[in-house]
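Let's take a walk through a protein model together. Have a look at the sequence and the structure first, and then we'll go through some of the details.

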Amino acid sequence: MKVLLIDVYNYNKGGAETVCFNTGKLLKEHGHQVVYFTLKWEENNPSPYSKYFPESKETRKGPLKQVKNMVNYFYHFEAAKKMEKLIEDEHPDIAHIHLLWGQITPSIFPVLRKHNIPILFTVHDYRIVCPAYTFRDGSERICEDCQGHSFYKCFTHTCCKGSKMMSAVMAAEQYFRNVFFNPAKYIDGFLYVSNFARDIQEKYMPAVKNIPNITLYNFSTSIAGQPKAMPKDKYFLFFGRLSYEKGVKTLLEAFNGLPECHLKIVGTGPKEDELKAFVESNGMKNVEFLGYKRGKELQDLVANAYYVIVPSEWYENNPMTIIEAYSVGTPVIGARIGGIPEIVVESETGFQFESGNADNLRSKVVLADGLTADEYTKQSAGALKFAHENLSLENYYPRLIAFYNQFLKK
């Protein structure tokens, strides 16, 4: 089978790319051919298919760059043309999309349909039913006001990065897409990374209910065999973007007044200065900002952590942070929101708390801190058991390939 994997980026920019590239590697290991289609970016990894990659908003040149960028936010003419050429040269059997909206755009849908190539789509966020893709408005509250059709509210609520202009563009793109390239009419199959994502998409786009779908949690490329003993250096770990929806302010409020509990924060983002100021003004000596980490350094921090904390305050889908933690036997304290409750099993793989509730989170931190060595190792074993049963390559591949085969038979 020759699989065409489609993503905006040809480098590890985020969780969607991690899943995309890991899927490609997995398919190759099982003897399938994999072709990639992304945009051009300065950071892109080398690729034998780079000649097919269209320009991105950053690599596009010329005096009309801004005008072209605006047009290509709705319909990427070059992407459609390059996709046609790639199909003619490579003849893929199936197309599996990870990221698309506002970048590659659905301009490639008619091209794939023309060549009778089944279109599968992994739902990493909520962009199909929410213009701002996070279900949060400009005042940082959970918002479902668009109800799957009133997308102008993205503008009135200033849902996109505090900008009326950007919010207007995202709302307009959603209207345009639903009229001319409605996902329910072009996409042949959906892969959801949480049941929550499936339910909320079907709630606001009922037409997709009859489209074949499967829930496949993101997977880990390696999972430890033995549970952890209680670490001698007991620290709690947050790693991710320091932005409002990640709930780091609530996390700091929970640790304020717990001087015996050490918290390490890995990552950067727009709220970094504000968060550091909060720590300083409250004299919190138990919090350490480590900045951006990657590779083995980050892996060691996760593996050696006592708990990983995921304090999200948006509809987090299927966080790679939890998967990475479970893969090394580190239990998780996770907010009860979005898809997180599906993978954090209370008292078995960690603890849940009410999203945005610092007092409730503090109580779970205190509970975790008071575990005996045996109780901790039992939770570590529970995290590994969940990972082996739900997040492993052995579990993921046969379900993925069976889903692919449904469309090849058609």
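Where is Thr-158 found? Thr-158 sits in the loop between H5 and H6. Helices (H or I, at least four residues) and strands (E, at least two) are DSSP runs, numbered from the N terminus. A quick note before going on: this is a predicted model, where local features need pLDDT of at least 70, side-chain atom pairs count only at pLDDT 80 or more, and totals for chains, interfaces and linings use all residues. Residues are numbered from 1 along each chain as its sequence is written, and side-chain values use heavy atoms, with hydrogens and water left out.

Back to Thr-158. Thr-158 has a positive phi of about 50° although it is not a glycine. Glu-140, in the loop between strand E4 (119-123) and H5, also isn't a glycine and has a positive phi of about 70°. Most residues other than glycine have a negative phi. Thr-158 counts as buried at 15% relative accessibility, while Glu-140 is partly exposed at 36%. Here, buried means under 20% relative accessible area, exposed over 50%, and partly exposed in between (1.4 Å probe, protein chains only).

Now for helix H6 (residues 164-180). H6 has 17 residues and reaches 24 Å from its first C-alpha to its last, close to the 24 Å expected at 1.5 Å a residue; that expected span is 1.5 Å times one less than the number of residues. Among the buried residues of H6 are Val-169, Met-170, Glu-173 and Arg-177. Their cover includes helix H2 (65-74), helix H5 (153-156) and helix H7 (183-186).

Next, His-32. His-32 lies in the loop between helix H1 (15-29) and strand E2 (33-37) and is buried, at 15% relative accessibility. The side chain of His-32 makes a polar contact with the side chain of Tyr-397 at 2.9 Å. (A polar contact is a pair of N or O atoms within 3.5 Å; within protein, one must be able to donate a hydrogen and the other to accept it, and residues adjacent in sequence count only if both atoms are side-chain atoms.) Leaving aside neighbours within four places in sequence, His-32 is in contact (heavy atoms within 4.5 Å) with Met-1, Leu-27, Tyr-397 and Ile-401.

What about charges? Side chains of opposite charge can pair when their charged atoms come close. A salt bridge is a side-chain nitrogen of Lys or Arg within 4 Å of a carboxyl oxygen of Asp or Glu, and a search of the whole structure finds 21 of them. Here are some:

| Pair | N to O distance |
|---|---|
| Lys-2 and Glu-90 | 3.1 Å |
| Lys-40 and Glu-55 | 3.2 Å |
| Lys-85 and Asp-89 | 3.6 Å |

Lys-2 and Glu-90 bring together strand E1 (residues 2-6) and helix H3, so the pair ties together parts that are 88 residues apart in sequence. Both Lys-2 and Glu-90 are buried. Lys-85 and Asp-89, on the other hand, both lie in helix H3, 4 residues apart, about one turn of the helix. Lys-85 is partly exposed at 43% relative accessibility, and so is Asp-89 at 34%. Salt bridges that share partners also join Arg-127, Glu-173 and Arg-177 into one network.

One last stop: Leu-408, in helix H16 (residues 393-409). Leu-408 and Ile-117 are 291 residues apart in sequence and 8.9 Å apart in space, C-alpha to C-alpha.
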